[in-house]
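Here are a few exercises to work through with the model in view. Take them one at a time.

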Amino acid sequence: MTVIVRAWLSFAAIGAGIIHLALVISSPLAIGIPLALFGIAELTWGVLILVKDRLVSPRLAHAGAVTPLLLWSLLTVTVTLLAAPQVASSLRFVPMGIAAIFELFIAGVLSVILRRQTETETEPSTPAAKPATAVKYLSAVIVAGVLVGALTTPALAATQAGAVAIEHGGTMGGMMTMNLPGMGH
């Protein structure tokens with residue numbers, strides 16, 4: 001596994017973690033606590049694999065990437081059968097869908113990595129992959145950052161936290177309209 005793959009996994013985990021934490025605000029306690037735990041775990045795992053320069057607990061991370069998807073699916077089916085949509089109304093589709101995309105990416109990549117690890121344990125050693133060049137690594141990190149940012153931003157805007165956020169681009173509370181010396185007025 002290359003350093004680029006670890007960086008992409010890290011960015012995806014951080015994106016999913018931020019989305020899950022943003023959903024905690026509007027969720028009932030029974031849903032908010034697991035969301036907070038998943039969000040903290042995803043953020044921690046994403047930062048750890050960047051800092052330690054290796055995958056940390058890939059099997060546990062694989063289970064952690066799939067579990068929120070299963071719980072969201074179970075909750076959706078349950079509230080549909082019980083005709084109680086208000087229970088899951090705090091889990092809006094756009095943020096949960098984008099978090100699910102990140103989690104599916106993490107689960108898929110970790111599945112391939114874990115499969116290769118089990119295959120290499122039974123076969124003779126294979127030569128290690130060449131390390132990525134600095135340009136290739138930086139390009140991959142920039143693409144990952146832009147992609148995760150482009151997906152995470154609308155997801156955060158679709159949460160309750162995003163709905164009550166202060167608008168950006170305003171006049172900074174009127175500071176820009178003050179007649180100060182040297183301000184051109």
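Buried means under 20% relative accessible area, exposed over 50%, and partly exposed in between, with a 1.4 Å probe and protein chains only. This is a predicted model, where local features need pLDDT of at least 70, side-chain atom pairs count only at pLDDT 80 or more, and totals for chains, interfaces and linings use all residues. Residues are numbered from 1 along each chain as its sequence is written, and side-chain values use heavy atoms, leaving out hydrogens and water.

**Exercise 1.** Work out what share of the protein's residues is buried.

*Solution.* Start with the chain: there are 185 residues. Apply the cut-off, and 32% of them count as buried.

**Exercise 2.** List the helices and strands of the protein.

*Solution.* Take DSSP runs, numbered from the N terminus: helices are H or I with at least four residues, strands are E with at least two. Counting gives 7 helices and 0 strands. Read from the N terminus, the order is α-α-α-α-α-α-α.

**Exercise 3.** Describe how α1 meets α6.

*Solution.* First, find the helices: α1 covers residues 3–24 and α6 residues 134–157. Angles under 35 degrees count as roughly parallel, so α1 is roughly parallel to α6. Finally, look at the contact (heavy atoms within 4.5 Å): α1 brings residues including Trp 8, Phe 11 and Gly 15, while α6 brings, among them, Tyr 137, Gly 145 and Leu 147.

Notes: Axes are lines fitted to C-alpha atoms, for helices over the stretch in contact, and angles run from 0 to 180 degrees between N-to-C directions. Angles under 35 degrees count as roughly parallel, over 145 as roughly antiparallel, 65 to 115 as roughly perpendicular and the rest as oblique.
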